[in-house]
Amino acid sequence: MNGGPETVEQPLPEPLVQRPGRLASVLLAGASIMDPVTGLDGTYDLMVEEGRITEIADAGSLTASGDAETVDGNGKFVFPAFFDPHVHLRTPGQEYKEDLETGTRAAAAGGYAGLLAMANTSPPVSSPADIDALRHRARNEASVPVGFLATVTRGMEGRELTDMAELREAGAVGFTDDGVPVTNPGILRKALQYQAMCGGRIALHEEDPDLSAGGAMHEGEISLELGLRGVPSITESVMIARDAAIAGYEGGAIQIQHLSAVESIEAVRRARADGVDITCEVTPHHLCLTDEAVRDLNASKHKMNPPLRSEEDRQALIEALLDGTIDCIATDHAPHAVEEKEVPYEAAMMGVTGLETAFSSLYTELVLPGTIPLSLLVEKLGCGGAPFGIDPFRIAVGQAANICLVDLEAEWTVGEQGYESRSSNSWCDGRRLTGKVLMTLAGGQVAYRLRSFSLGVA
Amino acid sequence: MKHLLSIEDLDRDGIETILERAASFAEVSRREIKKVPTLRGQTVVTLFYESSTRTSSSFELAAKRLSADVVSVKAGGSSVDKGESLKDTVETLSAYGPSAIVLRHPHAGSADMLTDWVDAAVINAGDGMHQHPSQTLLDLFTLRNSIGSLEGRSIWIIGDVLHSRVARSNIQGFQKMGASVTVAGPPTLIPRGIESTGCEVRYSLDGLESADVVYLLRLQNERMGENFVPSIREYARLFQVNGRRLGPRQLVMHPGPVNRGIEISSDVIDSDRSLIAEQVASGLVVRMAILYELLTGPESVRIDSAPEDPVQIGEPA
């Protein structure tokens with residue numbers, strides 16, 4: 001849009017890094033395969049050899065060779081593995097909540113084969129050395145490929161830009177001050193100008209701190225009744241409108257994180273109609289819960305930012321997912337320790353975990369009742385990397401194996417068998433869900449298999 | 001009823017029962033020996049995370065008048081200052097085997113949380129901006145003694161409704177007893193959507209003459225810094241209840257502490273239209289009644305039993 005000088009294309013590092021491991025050789029026999037990207041939809045045998053998909057053929061036509069194991073997929077579903085563009089892995093500095101090993105294990109259990117980690121760690125990820133260190137740790141600890149975002153402003157203090165170009169060279173997939181907004185519009189403008197040179201979409205936590213004013217839940221009848229300070233919906237939409245205007249003016253690319261309210265959806269639609277390069281995400285909890293849930297004052301399950309909003313907002317989010325306004329589903333997986341949550345609601349930290357339950361919760365709450373089709377859920381859980389230049393995983397010959405095997409009939413109670421995450425602040429804790437991930441192949445490796453799931457026919 | 005967390009825990013009969021009980025304790029309070037042995041051997045803990053004069057002292061004295069042992073913990077000067085969590089503090093105090101814990105806390109829902117952690121009856125003595133049920137009960141007791149039934153009466157609640165737990169409790173309590181409630185104040189201090197609770201909303205004192213009771217809320221000084229009101233002076237001009245604005249039969253209440261000359265003028269406080277002193281006196285006997293109802297009966301408000309005959313309690317405990 002700017003028509004500026006050509007920038008010299010530096011080859012950037014691979015965006016995602018994973019712990020090296022044994023590449024899987026496995027025959028998924030007779031499973032229903034559904035890939036919304038390629039359109040593949042039917043019952044097939046799928047052969048993975050040395051971590052790559054080598055053959056897709058009629059059910060019953062393939063046999064495992066050599067060391068390959070055979071998994072009976074009869075009655076089960078195979079999807080392209082999911083991609084979550086918004087997780088908090090709490091590393092470095094808050095490993096008591098989560099680390100790369102536990103966080104990626106939780107992701108694998110949820111069917112994910114790709115993650116983007118937010119930068120609001122302790123200290124925040126603001127220097128190329130921070131990115132280097134994290135990528136090094138991921139090579140040792142991450143069972144699922146992880147990419148890292150860097151902060152927009154140094155230390156997330158909102159005052160000075162980070163060394164964006166060097167951060168990109170070090171491997172930063174994008175930029176975000178998530179956890180807090182970029183309150184200074186001049187800083188955001190300069191970051192978007194810099195983006196024209198170095199790339200990297202800027203992901204924005206949209207909230208006007210003066211309008212939120214220390215609120216603990218959605219402002220509405222329930223906050224009034226519970227005596228909790230309210231966070232009005234407009235705190236989000238006014239910032240989206242502001243930042244979309246800046247992005248439009250600079251020709252920049254922005255991702256709106258965790259959309260929560262009907263006014264926000266309208267702001268995104270208007271910006272998109274104006275030609276702004278704007279993408280957005282929604283969380284499973286905002287699609288499934290409303291502020292009614294806050295009545296139990298259970299901060300571990302029901303306190304997060306943005307807060308759970310009204311039923312009208314929830315319906316609008318579902319509608320926006322259906323009509324394509326919302327690009328992808330992101331969990332905003334935000335682990336916290338028990339002692340940070342087992343305090344009065346207003347004093348509790350904000351955030352809930354979601355990686356292990358994203359698919360099952362949405363399948364149970366939205367697909368089973370017929371609100372959204374299964375293929376749309378699989379698509380929206382899979383395409384979260386696209387705003388950051390990472391294509392969705394595909395089930396096709398020659399592709400690396402990034403797939404999940406799912407039993408759509410299995411019922412389970414969340415938390416009954418504990419969690420893979422180090423933290424237990426799941427918004428689904430105690431919920432009975434239908435649909436369970438049995439096995440996840442990530443980057444060609446077996447990243448997860450359900451303990452009680454007996455693999456193979458032998 | 002095992003706990004008193006919210007005025008919503010009580011229906012009209014439950015409220016009447018406590019007010020009846022309070023009336024009989026008021027009679028005890030007029031005797032020479034004001035103490036009854038009802039809770040002898042039981043322990044009542046009061047745990048206050050916010051400063052309080054009226055509520056803490058009256059709960060303490062109420063428990064003592066019922067012969068309970070009382071442990072009073074205030075946040076300042078306790079382990080709370082050293083960063084001990086609410087849960088750990090409460091579990092420590094639970095080791096004394098209290099029958100009741102009276103909690104005042106700056107965060108909404110704190111008293112509800114306690115019920116998961118302790119066996120004792122939990123009494124909410126004010127939680128954040130949420131509820132203050134014992135205040136509502138003492139206000140209802142005060143009104144019952146001064147004007148009788150609230151059926152069909154008009155009560156105006158004036159001032160900082162937004163930040164007030166007393167307002168939230170009292171709107172519900174007054175309505176349960178048949179009164180109609182109007183809230184008045186600047187729009188910045190009236191919560192959005194409060195009409196849904198069945199109150200009328202006014203942004204001025206026009207029409208105040210229709211009120212039987214005028215209930216004033218304290219204007220907290222820090223609200224001015226947060227721009228909820230542009231100036232105390234302007235607020236006082238618009239919303240102060242003074243002799244000029246009050247008719248001769250209208251009664252005035254205030255939960256305290258009062259800002260003389262801001263939400264209420266001195267002449268009104270000191271006039272016979274003010275029930276403020278009666279409210280404080282009611283606080284003691286109503287809190288005795290609350291402790292009695294929670295600690296002596298099965299887990300429900302008993303309607304039939306009277307307190308022990310004061311004649312039988314000759315010896316001071």
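1. I begin with the second chain, bearing in mind throughout that this is a predicted model. In chain B, the centres of domain 1 and domain 2, taken over C-alpha atoms, are separated by 25 Å. The assignment behind these names places residues 7-131 together with 278-304 in domain 1 of chain B, and residues 133-275 in domain 2 of chain B.

2. The contact between these two domains of chain B involves 24 residues of domain 1 and 23 residues of domain 2. On the side of domain 1 of chain B that touches domain 2 of chain B, the elements that give two or more residues are α1 (12-29), β4 (121-127) and α10 (276-296) of chain B. Of these, α10(B) provides the largest share, with seven residues. Sorted by class, that side of domain 1 of chain B consists of 10 nonpolar, eight polar and six charged residues.

3. Chain A contains 14 helices and 18 strands. Its radius of gyration is 21 Å, close to the 23 Å that the globule rule gives for 458 residues, so chain A is as compact as a globular protein of that length. Along the principal axes, the C-alpha atoms of chain A fill a box of roughly 65 × 55 × 40 Å. Of its 458 residues, 58% count as buried, and among the contacts in chain A between residues at least 6 apart in sequence, 77% join residues at least 24 apart.

4. Chain A is also assigned two domains, with residues 26-78 and 401-449 making up domain 1 and residues 81-388 making up domain 2. The C-alpha centres of domain 1 and domain 2 of chain A lie 27 Å apart, and 29 residues of domain 1 of chain A are in contact with 40 residues of domain 2 of chain A. Strands β16 (403-413), β17 (432-442) and β18 (445-449) of chain A each supply at least two residues of the side of domain 1 that touches domain 2. The largest share of that side, eight residues, comes from β17(A). By class, this side of domain 1 of chain A divides into 16 nonpolar, nine polar and four charged residues.

5. Which helix gives the most to the side of chain A that touches chain B? In the contact between the chains, 15 residues of chain A meet 21 residues of chain B, and on the side of chain A that touches chain B the most is given by helix α6 (residues 221-226) of chain A, with three residues. That side of chain A has eight nonpolar, two polar and five charged residues.

6. The core draws at least three residues from each of domain 1 and domain 2 of chain A. Leaving aside neighbours within four places in sequence, A:Y112 is in contact with A:A81, A:F82, A:F83, A:D84, A:A107, A:V144 and A:L355.

Technical notes: Residues are numbered from 1 along each chain as its sequence is written. Chains are lettered from A and ligands numbered from 1 in the order in which they are written. This is a predicted model: local features need pLDDT of at least 70, side-chain atom pairs count only at pLDDT 80 or more; totals for chains, interfaces and linings use all residues. Domain bounds come from an automatic or database domain assignment. Two residues are in contact if their C-beta atoms, placed from the backbone, lie within 7 Å. Helices (H or I, at least four residues) and strands (E, at least two) are DSSP runs, numbered from the N terminus. Ala, Val, Leu, Ile, Met, Phe, Trp, Tyr, Cys and Pro count as nonpolar, Asp, Glu, Lys and Arg as charged, and the others, Gly among them, as polar. The radius of gyration is taken over C-alpha atoms; the globule rule is 2.2 Å times the number of residues to the power 0.38. A residue is buried if 20 or more other C-beta atoms lie within 10 Å of its own, exposed if 12 or fewer, and partly exposed in between; C-beta atoms are placed from the backbone.
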